[in-house]
Amino acid sequence: EIGQRHFGENYAQELMAKSSEMPDDVQWHFIGPLQSNKAAPLVKTVGLNKLACIETVSTMKLASKLNRAAETWNEESGIEETKKLGIYIQVNTSGEESKSG
């Protein structure tokens, strides 16, 4: 019952699989690049009660999809309190198109 409660994973499918095997109080951080087509399945499968944040949001497209997925999860979850998904915005400060974040 005591121990590590925050974990990171950089593959969406691995996080989705592991989240159902771990205790309900574990908080997950997605730490790798996330394809926008995996945003909704990740939020739906893991849930905002377990998915603490996405640490690599680099496009508005991905941010919008995550926002829609979070809104849908809140509507369908049946939980009175609205849960929020934390994100870390990746910013390219160099201005070089070949670099990300």
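The protein carries 11 positive and 14 negative side chains, and the centres of these two sets lie 5 Å apart. The model is predicted, and every value below is computed from it.

In secondary structure, the protein has three helices and four strands. Along the sequence they follow the pattern β-α-β-α-β-α-β. The radius of gyration is 14 Å, close to the 13 Å that the globule rule gives for 101 residues, so the protein is as compact as a globular protein of that length. Among contacts between residues at least 6 apart in sequence, 51% join residues at least 24 apart.

Some totals for the protein are tabulated here.

| Quantity | Value |
|---|---|
| Span of the C-alpha trace along the principal axes | about 45 × 30 × 20 Å |
| Residues that count as buried | 31% of 101 residues |
| Accessible surface | about 6,800 Å² |
| Part of that surface belonging to carbon and sulfur atoms | 48% |

Helix 1 covers residues 12-21, and its buried residues are Ala12, Leu15, Met16 and Ser19. Viewed down the helix axis, these buried residues fall within an arc of 100 degrees, so they line one face of helix 1. An α-helix has 3.6 residues a turn, so residues three or four places apart point the same way. On the other side of helix 1, Gln13 and Glu21 are exposed.

What covers the buried face of helix 1? The cover of its buried residues includes strand 1 (6-9), strand 2 (27-30), helix 2 (39-46) and strand 3 (51-57).

Key:
Residues are numbered from 1 along each chain as its sequence is written. This is a predicted model: local features need pLDDT of at least 70, side-chain atom pairs count only at pLDDT 80 or more; totals for chains, interfaces and linings use all residues. Side-chain values use heavy atoms; hydrogens and water are left out. Helices (H or I, at least four residues) and strands (E, at least two) are DSSP runs, numbered from the N terminus. The radius of gyration is taken over C-alpha atoms; the globule rule is 2.2 Å times the number of residues to the power 0.38. Buried means under 20% relative accessible area, exposed over 50%, partly exposed in between (1.4 Å probe, protein chains only). Contact means heavy atoms within 4.5 Å. Accessible areas come from the Shrake-Rupley method with a 1.4 Å probe; for residues, only the protein chains shown count as cover. Lys and Arg count as positive and Asp and Glu as negative; His and the chain ends are not counted. The place of a charge is taken as NZ of Lys, CZ of Arg, CG of Asp or CD of Glu. The arc is that of the directions from the helix axis to the C-beta atoms.
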